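We will take a short tour of charged pairs, one selection at a time.

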Amino acid sequence: MTARHAHPLMQGRAVGLSPAAAALLEAAAAALDRQDPEAADAALARVLALEPDSAEALRMRGLLHHLRGDYPRALASLQQAHDLRPGDALIRMNLATSLYASGDAEAAVACLRRACAMVPDFAPTWFNLGKMYMLQGRPAGAITALQRTLDLDPEHVPARIVLAQAEASLGMVALARVNYREVLRRQPGQPQAWFGLASLDGERFSADDVAQLQQTLGLQQATVAARVALGFALVRALEDQAEPPAALRALHKANALQQRQLNWNATLASAQVDALVRAFPEPMQGAADATLGDGVIFIVALPQSGSLLTEQILAAHPQAVAADEVIDLQQILDAESARRRQSFPQWASSATAADWSRLGQDYLARIERWRGHQPCFIDRNLLNWRLVGAALAMLPGARVVNSRREAFESCFACYRQLFISGNDFSYDLDHMVSYWRDYDRLSRHWQQLFPARFLEHDYESWLADPAARVRRLLEFCGLPFDPACVRLARTAGGAHAPGNLPAEQLLRRDSARSAWYGGSLQRLRALLASVTSP
């Protein structure tokens, strides 16, 4: 990115230093470029011994701490550099990145916005602002910042990729496709662009695309992460070319490669579910306020099981608001575990009704920023199926909707998906089926414990009679019927399916693909039969 390096902000960074200190600073920068942190650290230590108030050396030391994951020390160095040179937009940009990594997203965005205002023609500040908006789930803001990045630096490939991701998340599929294809025109083997393109519904891969993907996968210099992303993209391309055997071979290969990078322990995962069953043998008794949490709806599910559709149905209601992938429930339990110096669920049996009420009040205070005065708040998080016992102990008035899908379709959809993070169980069929079994038996446990507060919302039943299932869902959640819920209207918060397609169309598409593989998936069916038979 020549234009970026030629910017005046990147020049004269050693001004004011002695020749010896300037030479050491240059050596530190070269060491950082070649990813040699030890040499960079040693050179910076010598610079600061000569020039303790070198803002640039402190900035670079902050970058080094950040790269090592030591965010407190990164913040300390960068704040010291900022205090010495408050008008330096580069220091402010780096400070914002460490603020975000440290958990202070609001301060980070404000810091970056100020850096953009200080040097409006510096592409990296706009790019970092765009990335930060995307991490916050604010794609509209990201698009503005990333378009500004590309106006300043049309060769900025990472910005074009993130822009395409933002456009896709808002259903702007045609624009996303153009940007992904432009990246591939410039860099034919770019794995993120191939994977992003494969994630767009309606994209049709050609035989030339298949050949390019296979050629790129054959290059020895491709990293493991790149080979995994390219492998999953190749699966989609081979499906488009109607080559089931080749697609399935590519799918098994990509999953095996990803699985080898992970450390999933199915035995440990099952033991944790056993511990949850023991920790919550019966509903919590003695709550001071049995209505605490009334109107809170937890949506739980396995990935690829229609939870987005369930959220859309509820969020379309005028009396409801949704906050997707909220992590507050887990954070509250983690904080309580730290306070008690005992992991969850080990301390659950010793928690009193007052303890659970305190945690419930904490949750309600946290979600106020989203819920406002709406009667119904929807909390969708795919990991919360494990936390139902705690959630309903904390909030006796809350309800849980378990969004389910037929076991085979659910498992195959997970196996066919490369997740951005988490879901490490999904890249091995045995692990996938074991995870599904644990989810199923714990769901049945919650259903037995909380028959009036835990609803099984089955996708296949919804597909057979949408209006009746929506009425049943709304009645369970205490909401009056509204036709908007049947129409799956988009919510004010922008919850919608990727590619701007209704979620039920995406699920139908996945089902069609599993049927397309025919008898090649008998092993998955056999594994599921072994854990679902009476």
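Buried means under 20% relative accessible area, exposed means over 50%, and partly exposed lies in between (1.4 Å probe, protein chains only). This is a predicted model, where local features need pLDDT of at least 70 and side-chain atom pairs count only at pLDDT 80 or more, while totals for chains, interfaces and linings use all residues. Residues are numbered from 1 along each chain as its sequence is written, and side-chain values use heavy atoms, with hydrogens and water left out.

Start by selecting aspartate 88, which is buried at 5% relative accessibility. Aspartate 88 sits in the loop between helix 5 (71-84) and helix 6 (89-101), and arginine 13 in the loop between helix 1 (2-5) and helix 2 (19-33), so the pair ties together parts 75 residues apart in sequence. Helices here are DSSP runs (H or I, at least four residues), numbered from the N terminus.

Next, go to helix 19 (residues 353-371) and pick aspartate 355 and arginine 358, 3 residues apart, about one turn of the helix. Their salt bridge has its closest N and O atoms at 3.4 Å. Aspartate 355 is buried at 15%, whereas arginine 358 is partly exposed at 35%.

For a last stop, select aspartate 36 and arginine 34, a salt bridge at 3.8 Å between the closest N and O atoms. Here aspartate 36 is partly exposed at 25% and arginine 34 is exposed at 52%.

Technical notes:
Helix = DSSP H or I, 4+ residues; strand = E, 2+ residues; numbered from the N terminus. Salt bridge = Lys/Arg side-chain N within 4 Å of Asp/Glu carboxyl O.
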